[in-house]
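Subject: Structure handover

Hi,

Here is the structure I promised to pass on. Have a look at it, and then read on for my notes.

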6 protein chains.
Amino acid sequence: MSTSTISRPSGRTTTQLRPLSIETGYTRHAEGSVLIKAGDTHVLCNASVLEKVPPFLKGKGQGWVTAEYGMLPRSTHTRSDREAARGKQSGRTQEIQRLIGRSLRAVFDMQALGERTLQLDCDVLQADGGTRCASITGAWIAAALAVRTLTGQGLLKASPIKDHVAAVSVGMVDGRPVLDLDYIEDSGCDSDMNIVMTGSGGFVEVQGTAEGQTFDRGALDQLLDLAHAGIGELIAAQREALARAG
Amino acid sequence: MSTSTISRPSGRTTTQLRPLSIETGYTRHAEGSVLIKAGDTHVLCNASVLEKVPPFLKGKGQGWVTAEYGMLPRSTHTRSDREAARGKQSGRTQEIQRLIGRSLRAVFDMQALGERTLQLDCDVLQADGGTRCASITGAWIAAALAVRTLTGQGLLKASPIKDHVAAVSVGMVDGRPVLDLDYIEDSGCDSDMNIVMTGSGGFVEVQGTAEGQTFDRGALDQLLDLAHAGIGELIAAQREALARAG
Amino acid sequence: MSTSTISRPSGRTTTQLRPLSIETGYTRHAEGSVLIKAGDTHVLCNASVLEKVPPFLKGKGQGWVTAEYGMLPRSTHTRSDREAARGKQSGRTQEIQRLIGRSLRAVFDMQALGERTLQLDCDVLQADGGTRCASITGAWIAAALAVRTLTGQGLLKASPIKDHVAAVSVGMVDGRPVLDLDYIEDSGCDSDMNIVMTGSGGFVEVQGTAEGQTFDRGALDQLLDLAHAGIGELIAAQREALARAG
Amino acid sequence: MSTSTISRPSGRTTTQLRPLSIETGYTRHAEGSVLIKAGDTHVLCNASVLEKVPPFLKGKGQGWVTAEYGMLPRSTHTRSDREAARGKQSGRTQEIQRLIGRSLRAVFDMQALGERTLQLDCDVLQADGGTRCASITGAWIAAALAVRTLTGQGLLKASPIKDHVAAVSVGMVDGRPVLDLDYIEDSGCDSDMNIVMTGSGGFVEVQGTAEGQTFDRGALDQLLDLAHAGIGELIAAQREALARAG
Amino acid sequence: MSTSTISRPSGRTTTQLRPLSIETGYTRHAEGSVLIKAGDTHVLCNASVLEKVPPFLKGKGQGWVTAEYGMLPRSTHTRSDREAARGKQSGRTQEIQRLIGRSLRAVFDMQALGERTLQLDCDVLQADGGTRCASITGAWIAAALAVRTLTGQGLLKASPIKDHVAAVSVGMVDGRPVLDLDYIEDSGCDSDMNIVMTGSGGFVEVQGTAEGQTFDRGALDQLLDLAHAGIGELIAAQREALARAG
Amino acid sequence: MSTSTISRPSGRTTTQLRPLSIETGYTRHAEGSVLIKAGDTHVLCNASVLEKVPPFLKGKGQGWVTAEYGMLPRSTHTRSDREAARGKQSGRTQEIQRLIGRSLRAVFDMQALGERTLQLDCDVLQADGGTRCASITGAWIAAALAVRTLTGQGLLKASPIKDHVAAVSVGMVDGRPVLDLDYIEDSGCDSDMNIVMTGSGGFVEVQGTAEGQTFDRGALDQLLDLAHAGIGELIAAQREALARAG
């Protein structure tokens, strides 16, 4: 796919990711901690190791990976209600944290993890679109760091992580496929997809939604191509961040 | 795609939908009422016309379409907790009712609907896989019947419905693409997708999830083809049910 | 009591029940499943066998029978809020499900049931007055079918059911006692009672409420007579439905 | 009915009420405040005048009477959970407060009350059976005192109270009808009824429940006679308490 | 400090407590029961002995002391919502019950109490300011009575209570320090403090809040002196009440 | 007070604050945003301007300042439950956010603020003791930045902020007064206080709690002196941060 020249609000080309920044060890208590910034979307991803499993897995000799997601009230343009104060998580929040959990579980060997839980907390400090994708991409790094902690402590011999997993959004904007939508693009696009893929190119999740108008098979094919390329870059960045973290 | 000959638990071919039954006017109070049966999955879809809109639409001269979803406690193989008694809807329930609402809104002209709400209630009386897809397919018929009620009462001049919408699941079972999974197939498949499409063949929602193992681009393409064919049959059945209803 | 000739909205005499329809095996997963229709009031009664008892009965060698009740949002003339979405059951719902549970327990030998729970779910698909009475009458049949399932599986040797139990409403309408009120009559009556009785004519519950004006002892006596006769017919219908179910 | 000689735990005859004590003006902020003691059952009944009505009555020129009920955690033999801490009222609590509200409304002229709400709070300080009956009997006095406050302030010209209302429990204990059950008798009886009647002898509520075994028509008749006599005494006590209060 | 002559709404001097009344054995089920009245503030304090401890103390051979607090809806000048009906305790309620619990725990030897919980329920029947202080002062007496019950039953050999604890409010009103604020004074003061002290003069809690304007070190010193004197009187009253209770 | 030489876990003297870092403009959407770090305690304080006031202030021509507080689940040594997932805020959370709100309101002129709300969100990214104090100190800076935004937009002519406000903890550790406790010290101290003071040295809040043993008047005096000095340093840092922010 050739680089498009249509102007995007950010000045990016249609095939260009936002500037990506990954800071490991952002907080000190978590077994794995990552602050990931995709442009103005900043998500703190903490991985905690809990030496217990949910009731349905007790005594089965395998582990579990799960996630929770939240947005700080003023991570958004106008302040949102605090979910803890309202007394419940929104449908959107639950949908996203279920997605993060499924995505991470797709690349974990639960037997190799042993009877413990890897709990991922993805908290959005600042939002500018694509928070669920940044959460998945960052959570994988936090999980990898937590696994390092476990192997460093001798609690794990081999890594239970089978592959990378990362996510990116794509969408049709004014009839053209565009990579990694920011908030303005996301609000105005015709349709958008969130694609979750592994390092070996397998799809984990494909979630496409027509916002204004439906999309045809041709558009779908273009969006999938675009996402594939973007996820390759994200996985390279994951690899580099882990290497830097030592 | 040629008809596959692998045996399915139900004896269907891989490209065969479950027997479909659509009973209109199932309950008498709702403006539109449909009992849809896709094999052993039975969903009661009621459409109610409410002469009000949500706060964010007040005074804008346009309408709203929204949905709620529920499963009766013993619609399932083993009894599930009643959500009203537990005091909250599960994440799964919220995810599904958001999906139904988005799917229906995709084919409605909100201006033409006028400042009123079409409220869809999809309640699963008996479940055997694919309840969200049956809900969407049935809800569209209930919505169409409610629109008839409104036009019959002179409250609407023209229908605000722009197109059909229907949904079907597809999945990779033992490495082969299969249409319209029932519960046993759904539990054992490698990956499954729920596809929502319009009568004119546009995608409204594409939701694919790798359960056991990821799926590649080739599998994705096959699944999309299979879904497209299935949805054509479902839309024909919608058309026929509406004709029968008079 | 002689048959009255005053006109009722339904054309029934004052001593006439609504047309009763009982369909057994309505859903396939429940150990006992009944769709009971008393005129336009339709209630799906499912009985589930749970191999556990509430904490206060653990290890006591006896069983438990309990019930939950719900109305589908559009079972009523105008749509009601979904209790699961509101996050709690109304006082009315709790009152009714407690009544159903007490009524069924009155005819069960808990020792003979063994350390298991019979859970009854009464869900109103369509409402036209008298839903709690139809629920009790239908739940008893569902319970009897579930007991058959247990004896068929060899899990029970003898039936723990000691007697039939059924319920009917009666009320003073324009100063005359009337049997089996539908919604219009219920809304306009001076006082109404819900009577729950066994096959041998014992009272299980007597719940009378003055709506518009209080009722005297003479009226009370007439209402009790009327209910007694109606319940006799309902119990005959229960017996017949069980016979038909094989 | 002749006075029975069977021994009751309290030493009362079967037709004897518990010692009744009614203290008016128990708290100073409420428009009407009564501490009623029926033996060891002590209920604080406060009536508040709120110059507003529920939404469904707005602008209709009539008032409303409603009630809430609660038990202090250690009003009972063993401590119960605090409902405010558990985050919800039990089904029993809701059932009782609905009963109190209906009972009081039966003797109020809502037009004469004007567009305001009489809110009754019945809080059990100490429980020994019959708390709902003591609540109704005491709430009527609190309501009457609140009406006096309103007429004293010139806000009401005539009393909207049409009649007395009071309540008592009766039950079959060892095959004999007994008046005004205390906790021990209530726990061990075969069946019990709560009867709510007006000063002119009309029934407002009749709620009979078979606990251990069902009751026949003869028993029912005896229980109703017994309740009628007891309520006469309670209403005389209400009259005297109001006279004393000045 | 000399007795001030400025007029207070109640006619008290600035260093004078409200008339104090302590009635022990107010309810009969609680192991310790006290109705404490500080002027028009009336709080029922019940102490319950529960033969269990919270999960974090299980098997550690020590006990726990905890408290819950509530206000009856019409204990206040205008009726407040019932927390059980609203479905949650307010932040103020939680803050107060945490304070009561901490205050009582400060004078308990948890080893000597043994593996049981002393649960204090402080319910405000009538409020006129200072309800949290009256709750603490009264709860200590209820706790002491419950300990007597335990020693009387031979369940405890020695008392686990190490010292008295009592509480009083003080505040700057029109620039002068005032003891034991009632509701009118509390609403209008510049700043107020709640002081919790033991019999030996140690501080357990010091909670000062500037309402209208901040307070300086000199004012703080005066308030602490005043509270110290007041608490001495309260502890003398506790001692006398226990002696009277026999 | 002379500098103590006892060793603290952090190597600080007893009168030494933790290293303080204040980063303004940490997030971009909030009208005022500050990341404050007191040693290993990191709190993100965002101030939002809402052009509305709570119902009780509507139409009174004055503003409101309020606060919410939260801890990210893995801000702590071991992961805590997410309050949004549990469905309610703990008593501790509510207590802290009420304290922050009161503290800020003490230095605001609500008339000068105009009919709008300043909403402060204090979210703990990493906790090591003293989170409520860091929240207050940081929230004041965020509030001052939000006021700058309002004056910059011409919405305010003069600042409604009358004075600085900051907070610090002090405590008795092994019998000696210590400033600015970190988590280890806080867990092991005999008693601790949180002191909130203005720039002009007035007390806003004084909250002292005996943990292990009570504290006498002499200890209290020493702790207040220590806090006074520490708050002077914090206010100097606030001033400097605002100057740096331009």
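Which residue of strand 9 of chain D does E205(C) stand opposite? The residue opposite E205(C) is T209(D).

Before the rest, some ground rules. This is a predicted model, in which local features need pLDDT of at least 70 and side-chain atom pairs count only at pLDDT 80 or more, while totals for chains, interfaces and linings use all residues. Residues are numbered from 1 along each chain as its sequence is written, chains are lettered from A and ligands numbered from 1 in the order in which they are written, and side-chain values use heavy atoms, with hydrogens and water left out.

**Chains C and D**

Strand 9 of chain C (residues 203-210) runs antiparallel to strand 9 of chain D, with 5 bridges joining them. Strands here are DSSP runs of E, at least two residues long, and helices are runs of H or I of at least four, numbered from the N terminus; two strands pair if DSSP finds at least two bridges between them. The contact (heavy atoms within 4.5 Å) takes 26 residues from each of chain D and chain C. Together the two chains bury about 2400 Å², 47% of it on carbon and sulfur atoms; buried area is the accessible area (1.4 Å probe) that two parts lose on being put together, summed over both. E95(D), F203(D) and R217(D) supply 26% of the area that chain D buries against chain C, more than any other three residues.

There are 6 salt bridges between chain D and chain C, a salt bridge being a side-chain nitrogen of Lys or Arg within 4 Å of a carboxyl oxygen of Asp or Glu. One of them links D225(D) to R217(C), with the closest N and O atoms 3.0 Å apart. On the side of chain D that touches chain C, the elements giving two or more residues are helix 2 (91-105), strand 9 (203-210) and helix 6 (217-244) of chain D. Strand 9 of chain D gives the largest share, 8 residues.

**Chains F and A**

Here 38 residues of chain F are in contact with 38 residues of chain A. The area buried between chain F and chain A is about 3000 Å², and carbon and sulfur atoms give 49% of it. H29(F), R74(F) and R82(F) supply 26% of what chain F buries against chain A, more than any other three residues. The salt bridges between these chains number 14; among them, E31(A) pairs with R74(F), the closest N and O atoms being 2.5 Å apart.

By contrast, no contact joins chain A and chain D, whose closest C-alpha atoms lie 12 Å apart.

**Inside single chains**

Strand 2 of chain C (residues 32-38) is largely enclosed by the rest of the structure, because 6 of its 7 residues are buried, that is, under 20% relative accessible area (1.4 Å probe, protein chains only). Strand 2 of chain C pairs antiparallel with strand 1 of chain C (residues 20-24) over 5 bridges, and antiparallel with strand 3 of chain C (residues 41-50) over 7 bridges. Strands 2 and 3 of chain C form a hairpin with 2 residues between them, and G39(C) in the turn has a positive phi of about 60 degrees.

In chain B, H42(B) sits in strand 3 (residues 41-50) and counts as buried at 13% relative accessibility.

Best wishes

Conventions
Buried < 20%, exposed > 50% of the residue type's maximum accessible area, 1.4 Å probe, protein only.
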